[in-house]
Every structure is written in structure tokens, then in C-alpha cells.
Amino acid sequence: MRLQTLVAPGALAAFALLAPASPARAADSVRVLLAIGSDVGDPSDQPLRYAEADAERMRALLVDIGGVSPDRAYLVVGQPAEIVRERLSEVAGRVAELAAAGRDVVLIVYASAHARDGVLHLRGTHLPLAELRDRLARLEARLRLLIVDACDSGAVTRAKGGTPGPEYQVALEQLQLQGQVIVSSSGPAEPSLEADALSGSLFTHHLLTALRGDADADGDGVVTLQEAYSYTYRRTVSGTGFPRQHPTFDFDVHGAGELALSQPLKARAALVFPAALAGQYVISTQPRPDMVAEIDKAPGKPLRLALAPGRYLLRKRDGRRVGLYAVELPYGGDATVDDRQLQWRDYAQVIAKGADLDPSPGAVMASLSLDSPPLDGTGARLRLHGGFLLGRAEWWGMASAGLGAQQYRGLSLTTSEVAGAAGLAAGYRWLQPGWPVVPMLGASAEVEVLHQSFVRDGEEVIQRVFHLDPLPPLVTVGARAGPVIGVEVPLWRGAFASVQAGLQVRYLPAEDQPAFTVGAGAQVGVGWRL
Amino acid sequence: MTKRAMGKQGLALAAILALAAGAGCGPAAGWNHHGPPVATLRGQMQADSEVATETPVMLAIAWFPNWVGGSPGSGARAAVTQEATFRGSFPVSFSFDLYGPPPPEALVDLAPEGGSGHMSFGVLIAFEDGNGNGRLDIGTGSNPSPDRVVGVSTHDPSLTAPPISFYVTYLDGQMGPTNEFLGYHLPRGFGLRKVYRGVGGEMVPLDTSISIQLTRTNAVGYFACAGAFANLDAFWEPACGIDQYEGGYHFEDIVVVKDPNSPSWIGGALDASGPIAGAVVELNGVGLSWVPEAAGYYGQPAVGPNDLRLAVPGHAPEQLSFTLPGPISLHQPIPDTLPASSTLSLSWDPVPGVGMYDLRVRSLNDGHLIDYQLTTGTSLVTAPLPFTGGGQILVTLHAVGQAAVSARSSSVIPISSVAKSVTLTR
């Protein structure tokens, strides 16, 4: 058994031989994840803002593209140490079960919290990192990866007895396939920083970006531990001032191969940067502007960045200008970045607008609606609508106009109806990254004009024999209003589909029924973001 | 939303509202919209006793295109209904609006016989909407209508014919020159024909009050049957499982006296199996003999009082007394010839006991009716008599005596007549 502590990514080159390159490469290999996060530490600690969110993000990403099935991905957030220990025991039991069943178990533990002197602070309780490390060491998983994002987290390697070595010093060609790897966000006595601009910790933010595909240096669609660590180390070190934050790496393994941490190629959705693109891109969610990734795209090699389905804002800085591009990532689809679609704004303007920044707040829509009969016994109404949809963060509004034609039988005549409508609708929508659809709730109001013309049974005879004039057409103005509920489904590029249903209180003066009635309607449409 | 978008939306809305205002707004027409009626029938529903129905009574017209005969058109269904909105203060009076011509399947095409357009005859039916669908459903095969017919504007076949009944006519074109009903002088559009008990009828204004007797027998359900009157050669046959005579029989005959010196009469009784040959019929104590060719009994009533006794096997015997009117005395004889297209004027002395006179002009070539008129007076002028067939016509004037009716469904109408064939010259 060998033990090494590394502080520089160059030393990881040989670690590429450690483990299978693909999470799914070994047929009987399974991954178990425990993600721990706690914003609240000791009473004397300034509460963190993103530790728990980082744990959730890490879990979501590893489930999505890290080969961890949801039922083996444990999440413990905002809990004291005893609960974490209980969950560790549960995980240990699960690992033992899988190992007893002959499965090849890879265990990943991620922890993000306050720490001092090598002890995690969890809601006023303490969990020594050494205890965590040692408990993992006793588990029957073939390979155990502990990632700690906490101040002074490098102490976990020191406590184990390893000593950080100089860069590029360690040769790993003889390493074995099994063992334990520890990655910490900072060295001993170093802080681990959070950044509001990133809505997360610096280390985890870069690690997540790495796993999404930006660290895929060889472009094989797989991000190995080596690639992820190298990337995260470089970004973390360069992203901090003084004192600098140096992630550390410690391993105690045997064998050969690579540990593939993620497979962006298998993501449900991805943002694809063609090879020719170059520059710094910042990707953040919309409407809540959480920064997801910062990409320093070099020309000559394409990049596929795994992201959860949803709506994102892409920014590219070019001197005093910022190029903006809003992109919909549909569930199970990719979107390709094209600089020609960037809308260039003045940098000062972008800074001023902040979270309200949206380069494509509007969309045109065409839809087909089916409404319950506005007049008893005359059948449902089918109408074609065109409209303009305007979004501002989670709020949406729409103006539309519709037209429909209908023919129906009456008691002794046939009625031809042409209806025109104009309406407004507005409401709230839930734009959550990772959700394949965008739920919407709101209210609509519409003014409609009905034009009815009539042909009686035997109309020709009635006029010729009974000398009666044709029945005059009728024009009626009505209105309707009510709640609507629906979903938007992102399709391709700016295209989306929309399904809505609603209840309507209708006002329509009519001969044989009350002017006020209650109806229902449904609408299916497609739209294109401008 | 941008100000520009709001501005465009507002303009569109304003345009729609302006269009609506310009066109003249009003309440929207629903399923029941119909415009003004093309015709309205009015009348009274009558019952023998106070009628207190829990179920509302509705009205419909059942059209019987095969009554028109000749060209049955598409009248595969003998009875075709035409619903219309009923409003009124039932059970005393009603107003029945018609919003269009009868349905196409109720009409007989007049083109094959040289006419144009269509015609049909119908009966006004009062019914209770058994299945609640708001219309009169027609029974088919052996199944009666799910609705209950409670009365008709014509006569209930299981009962003695009422003194007056009505049926509705429709004509939207021109009858051919030999149409059987040419002499009815049907108006274009809807018409109303008033029928006097077993004798004949006349067209009356459409606003004439129609009486509908609510008899509530099973027999009236016959009128809501697709097979009703489908075979006019055997009209007595049940349809939709309904026996028009409700297990009884019907004796309704007209005593026609053509020669005052030798009165003759053919009469008979009917049930659901057809003419009854085994009845015992006595006129003034003399047994009458069955004449198979005429499917009736032959006898010689006397001018003045007569006594008829009738015994049908399986039924109690009954007796009817009637008075046969004396001969008609014309002031001027009917001429042997007449110029075509001229009219014929007749006048006569009143016949004691007679309240109505009936003039019929038929073609001797094919028997079609050229003119048909009724009067309670003692003179009549025919319509211009067209040259049809070989120009041979038969002019018949009837003096209709008082009907004798039994408690059962039997009746006798005594008539004396004068007839003469006339040659029309061109």
C-alpha cells in the first residue's frame, strides 16, 4: 500500500491508470454516493450560504451523469453530526450488502460545511474529518472517494499522516486498482471560499463545471478524476486572491486505470460549443441567475457541457461589450452555441440590469383551442390563435387574437358562426433548471365577437313559397375570464410547445340561456422565442 | 409587455368592438333559434272530461306522403313527423308554429305526373313525450312509438268519427293536370282541410281553429307509426302492433241514393282483419246479402226513416236509425255539353233534413277530381273546368242528411244525389 498526498494536478497524470474510465464500464460496478451539506456550523461561525445547495447540486449532477442511480444517492443536509453518522452507517450497510452480492462498489462521499482544525462543524456538533476518513477506510467498497469542501479541509490528509509533496513529484505507474482517494478544497489552514456571484463555493463550482464537461481535456466524453481535479485546482487557485486556496489530493490506492467521475455525453441535455468557438463564456440559469459554469473555450476542440434541461443565459465578454444568448435546453436534447446569435449589449447596461437581464423576453405563439360550447347544444368550439408571449423572470404575460369558424345544426336550421377574440393573460411560471417542463399558472380575459348567419331547412322554398326574407345575421359581443394552468415544453433552440387548460366565466347574451355561464377550454400551441 | 405591443393589441380590440357595434349587436342565437314562423296553426284541445295530465302534452305533425298516392316520392316511411315549438295554455288552446316546409322525406314529388314541386298531407298529433327527447318518435316494425299519442286532429279510428276533423296540407309547386287532388284547390304553402264526418271536406283559412279531441286510446298511437297507412288497399291492418279498432269493429257507411225510385246502398263492417263477411245486417227488417265484389252488403233503403240492425259475431248487436233525404230538385238541368274552361252554375230547392250539399266534378277518363265544393246553401258555381282526358266529366251533387251514430264506432250518413256526365268542348 502506498500513500501519497498531492497538491498539484500534474502529479495526477499517472493516476489516470487507477480506475475504470467509464462509470458503467464494469458490468457489475455500482456507485454509492453520500452528499453532506450544512450551512450552519458552530455558533461562532458565520453561516454559509451555499453548502447545502452545493451538496444538492453535487448529488443531482452525479445522478445525472456520474453513474449513480437515484436510490443509491444519499443526501444529508442541515443535520447534526449524529445524523450524519447514522447515515454513514446506513451507507456502510448498503455498501456491505452490495459487496456481499459480488458487486464492485465505488463509494463517493462529498461534504461541504464549516470546518476548523480538521473538524466539520454541523449545526453545532462536530465530526472530525479523520473519523470520516477512517470510517470510509473500513468500508468494503473497492474504491472510496472523499471530497471535502471546507476550510482547512486539507487537514484531513495531514491527519492521516500524509505530507503534501511538491508538484509533479510522484510517480503512480505502479498504483493498484483499489483504495481511497481524498480531495479537499483547500490546504491545511487555508480558507475555502464561497462566492455570491457563483451562488456556491468556489471549489465546488469549478468541480461541477469540470464534471459537466469543461474538464474533458481529451474530448472523449468522459471526465476523469484526474481531469476534474486538474481543472478544479487550476481554476480554484487562480480564482482566489490572498491567501490563495489550494485544493489537495490524497490517495491510497492500488491497481491501474482511470476513475471516470462523469460522462457528459450521457447527459439528458447539453450545451455544445463547436470547435471553432473561442472565448470566455458564462452560463447561468434563468430566471434565477445562478451561475452554472464559466467556460474558457479554446479553439480547435469542441466542448459538450452537460446541463440540466431548462432555460439558460449565455454571456460572452468582448471588451466593453457583452454578448447575450438565451437558450432552451429541452429534455433529452442539445443546443449548440452560435456566436452569431449573441445579442451584443454594452457591458454597463448588462451590469445595471443584473438579474433582470433577458435577451429574448418575448415569443410569438400559434395555438389551437378547444372550448366547451358557449351556447347550449351547439358543440365545442375550435379556434386558431396567434399571440405574443412576454416573460419577465418568473412572470409571464400574453396578448393574443383568435379566429374560429363553426357550423352547427339547430332545431330547423343550420348556423354558420365566425368568432373573433382578443385577449390578455398573465401569470407565474416555474422556471426550474432540470425540470423538463415549465409549469404555468395565471388568469386570462378575452373579448369575443360572434357573427352568426343562418340557413333554414328548405330556405329556398321558404323564400319562394312563403315569401319570407332570409334570416338576418346576428352579431354578439361577449367576454370570458378565468384561471389558466399549463406547461411549456422546450423543444429545439427557441422553439417550445405549450399546453394550457382553464375554467371560464363567460358573459354572452343569448336567446335561450343565461348571459353568464361557466365553461372550460384547453389550448395547445407552439411558440418561438424572439 | 412593451408599449408598442400594448398599442397594437389595443387597436385590434378597438377594431373588433367597432365592427361589432357597426353590425348591430344582440343576443346570440342558440340551438332553438328559428326566426319567424312560416305558418301558425291554432286551435283547441278538447276532452270528454277535465284533463289533468301530469305529463306535458306536445304537438307535432305526422306527414303521410302515401295519402297523396300516385307518386310516393321518397316516402319509404309512411309517417314522417315535423316538430315545431309549442306554446300556449294547454289544455284549452294552442298555437303551433311551423318554421319551414315538411322534411324532404315527407314530400311527394309532383314532377312525374306533369306537375312541379312537392305536396303532402299530415295530421296534427298531441303526444306525451315518453322518452323526453322533445320530439315525436315514430314506431317501426311491430314496436310502437315510445311517446304516447293522446289525440289527433283527424278521427280516432277506434271511435266514431267526430263531426269535424282536420288535416294539414302542403304544396310548394303545381299539381299535374290529372292529380287526384286537383279539385281540392290546395293553397301554396301550408293549408288546412276541414273534413265533415265521413262526407268530404273543404279548404279553410289556415287560422281556422283546429279541434283536437284527446281520446287517449291506444288506437291513436297508430298515427305515430312508420307503417301506418303504408298499404292503402289494406288500411285496416295493424301497424306497430296497434289495432286501429282495438279488438272491435267499425261500421261506417254512406247511403247513396242515385235514383229516387230505386235507392241502393252498400255498407259493411271492418275490423283488423278487413271486411267482415259473417255479419248479420238487417235494413227495415230485411236481411241484406253479402256482395263479395264490393266487400259489403247490398240493400234498398227508403226515403225517410230507416232502421238498421247489425250483429257482428263476437260482439253485441247494435241499431242505428237514420233518415234518407229526398231527391234533389235542380232549378235547371245539368247540360250535356259545356265549353272547356267554363264554369257550371247549379241551384236547387232545399231538401228537407239536409244541412250540407257536396258538389264533385270528376274526369270520366281517369276518375281524378277536377272540382270539389261544399255548401250549406242551395247553389254552387264550379271552378273553370279544364279539358282533360277525353273531355268527359261527371258532375255529382250530394244532399247530405243527418248522420246516425252508435255508442260504438259505427255511423251511417244518408245521402241523396244527382249526377250527370258532361262533355267538354274545346
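User: What makes S5, S6 and S7 of chain A a sheet, and in which order do they stand?

Analyst: In this predicted model, the three strands form an open sheet in the order S5-S6-S7 (chain A), with antiparallel pairing. Strands are DSSP runs (E, at least two residues; helices are H or I, at least four), numbered from the N terminus. Two strands pair if DSSP finds at least two bridges between them. S5(A) and strand S6 (residues 119–122) of chain A are joined by three bridges, so they meet that rule. Within this pair, A:Arg116 stands opposite A:Val119 in S6(A).

User: How do you know which helix touches S6 and S7 of chain A, and at what angle to S7(A)?

Analyst: Contact means heavy atoms within 4.5 Å. Helix H2 (residues 81–100) of chain A touches S6 and S7 of chain A, and its direction makes about 40° with that of S7(A). Helix H3 (residues 129–137) of chain A lies across S6 and S7 of chain A, at about 50° to S7(A). Angles run from 0 to 180 degrees between N-to-C directions, with axes fitted to C-alpha atoms, for helices over the stretch in contact.

User: Why is A:Arg381 with A:Glu417 called a salt bridge?

Analyst: The term requires a side-chain nitrogen of Lys or Arg within 4 Å of a carboxyl oxygen of Asp or Glu. Here the closest N and O atoms are 2.7 Å apart, so the pair qualifies. A:Arg381 lies in strand S24 (residues 381–392) of chain A and A:Glu417 in strand S26 of chain A, so the pair ties together parts that are 36 residues apart in sequence. The whole structure has 26 salt bridges over all chains, but the count between chain A and chain B is zero.

User: What is the area buried between chain A and chain B?

Analyst: Buried area is the accessible area (1.4 Å probe) that two parts lose on being put together, summed over both. For chain A and chain B this is about 3,000 Å², 69% of it on carbon and sulfur atoms. A:Leu411, A:Phe466 and A:Val475 supply 20% of the area that chain A buries against chain B. The contact takes 42 residues from chain A and 33 residues from chain B.

User: What do the numbering and the model rest on?

Analyst: Residues are numbered from 1 along each chain as its sequence is written, and chains are lettered from A and ligands numbered from 1 in the order in which they are written. Local features need pLDDT of at least 70, side-chain atom pairs count only at pLDDT 80 or more, totals for chains, interfaces and linings use all residues, and side-chain values use heavy atoms, with hydrogens and water left out.
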